[in-house]
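I opened the notebook to record what I looked up in this structure. The entries follow in the order I made them.

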Amino acid sequence: MDASDPDVLPSETGGMDRQLEPKRWSFARWPLAARIGLAATAAVLVVLIALRLIAGSGTRTLRVPIEQLTVARVEQGVFHDLTPLRANVVPRETVYIDASDGGRVERVLVQAGDVVQESQPLVELSNTNLALQVIQQESQLNQAISQLQQNEIALEQDRLSNDRALADIDFHLVRLGRSTKRRETLVAQGAEALEQRDVVKDEFAYYARLRPIQAESGQRQSDLRDRLLPDIHRQLKILRGNLVVVHDKLDSLVIRAPVAGKVTSIDLKVGENPSPGQRLAEVTPDAGMKLTADVDEFYLSRVRIGQTATVDLNDAPITLAVQRVSPQVHNGHFTIELGFAGAGPANLVAGATAQGRLQLGDDRPARVLPAGAFLERTGGEWAFVVDPDGRTAERRQIKVGRRSSEQLEILSGLRAGETVITSDYSGLDRVDRLVLTH
């Protein structure tokens, strides 16, 4: 058999020749540096192609399962300018009772829930240091009062002394004037010497010169007394008032009810030592109830005194009015107080809660969209609007007017009948188009 015969296999020829198979190409046999370079080049090409495609379309698209979204329809209807309320029933008035000087609790005479009368003792305290201070202050005040009284007495004595001296001068002038006239007659008759007459005349002249001096001195003393006495009396009044205050410090150790009402809070034990200013009790006078509610800070500029609210109390709607708006914001909310237009329900209990709505403005026709979580991300500036085929949603600029917990007033950007995605837009800030998948 011929070895050149194509049908003859090499093994059959018995020779040393064998058929060689062609070599296959293998990336793994390339050098490591070459493989890394080729992979980097491929990655760069992929990125360039992706960028080219994105730059060519200009639209950032994301595929989202439609069952993960919430949609709502824009309608031409009525915007109800309301915000929900969760109100708490609280007493209209509450009187707080604090410890003015502190002390040790000796007796607790009432408990929470007791009805008390005005000035009724509630708690008895003791304070040894306060008692010693009162004694010392009382002694100092009494000394000051005594000194002022002595000054007043001295001024009065000066007045009496001046009046007495002036009266004495006037007496001598009258006496010496009469004596001078008699002696002139005697001298003319030769019955008395001129020297005796001159002595009387000189004495009369002395008192005549002394009288205006004494009168001027008395007037000056009187003017000084008129200036000092009102100040002395005023200081005496102040010191006596301070003395009453000092005495009342000891009386304040007996804590009394400032008004008649119900004790709503007191938690004291015999032997405790409340510090000055510490809250001891609360008394609620029988002045009725009111409601307080926390409102989202977004509505702070729109809530006004006099606005009405409707709440459900005892399974019946009750109308109230805003009586006070607190401008302070805590944890994103501010507090309002609501009062009854007339007498409130008689069976209200402090601490009860009620659901209701606050009327912020009048209802009026508008394009409205149900409120949704998307508002937190967009601020009412844009939204995803679903195409009529329901397969895609496009980002669109919108303008929102008034808002409530349930509705948004659409000013522009949306037409009645259009469908809007109202669920949360987390992660969609830079997306222009959504492809809705099933």
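Entry 1: Two strands count as paired if DSSP finds at least two bridges between them. In this pair, Arg107 stands opposite Glu124 in E8. I then followed the open sheet, which has three strands in the order E6-E8-E9 with antiparallel pairing. Strand E6 (104-108) and strand E9 (254-256) are at the edges with a single partner strand each, so one side of each has no neighbour in the sheet. The twist from one strand to the next averages 25°; axes are lines fitted to C-alpha atoms, for helices over the stretch in contact, and angles run from 0 to 180 degrees between N-to-C directions.

**Entry 2: where the values come from.** The model is predicted, so I kept in mind that local features need pLDDT of at least 70 and side-chain atom pairs count only at pLDDT 80 or more, while totals for chains, interfaces and linings use all residues. Residues are numbered from 1 along each chain as its sequence is written, and side-chain values use heavy atoms, with hydrogens and water left out.

**Entry 3: salt bridges.** How many salt bridges does the structure hold? I found 21 salt bridges, each defined as a side-chain nitrogen of Lys or Arg within 4 Å of a carboxyl oxygen of Asp or Glu. One of them joins Arg302 and Asp81, with the closest N and O atoms 2.2 Å apart. Arg302 lies in the loop between strand E12 (289-296) and strand E13 (308-313), and Asp81 in the loop between strand E3 (75-79) and strand E4 (82-91), so the pair ties together parts 221 residues apart in sequence. Are the two partners buried or exposed? I read Asp81 as buried, at a relative accessible area of 0%, and Arg302 as partly exposed, at 23%. Buried means under 20% relative accessible area, exposed over 50%, and partly exposed in between (1.4 Å probe, protein chains only). Both residues belong to a network of salt bridges that links Asp81, Arg302, Arg364, Arg402 and Glu409.

I also looked up Arg415 and Glu418, a salt bridge with its closest N and O atoms 2.9 Å apart. Arg415 is exposed at 55% relative accessibility, whereas Glu418 is buried at 11%.

**Entry 4: aromatic rings.** The structure holds six aromatic pairs. Rings of Phe, Tyr and Trp (its six-membered ring) pair if their centres lie within 6.5 Å; planes under 30 degrees apart are stacked, over 60 edge-to-face, and the rest tilted. Tyr206 and Tyr207 are edge-to-face, 5.2 Å centre to centre with 70° between the planes. Phe374 and Tyr425 are tilted, at 5.6 Å and 45°. Phe374 lies in helix H5 (residues 374-378) and Tyr425 in the loop between strand E22 (419-421) and E23, so the pair ties together parts 51 residues apart in sequence. I noted both Phe374 and Tyr425 as buried. Ring pairs link Phe374, Trp382, Phe384 and Tyr425 into a cluster. At Trp382 I also found the charged end of Arg395 over the ring, 3.6 Å from its centre; this requires NZ of Lys or CZ of Arg within 6 Å of the ring centre and within 35 degrees of the ring normal.

Key
Helices (H or I, at least four residues) and strands (E, at least two) are DSSP runs, numbered from the N terminus.
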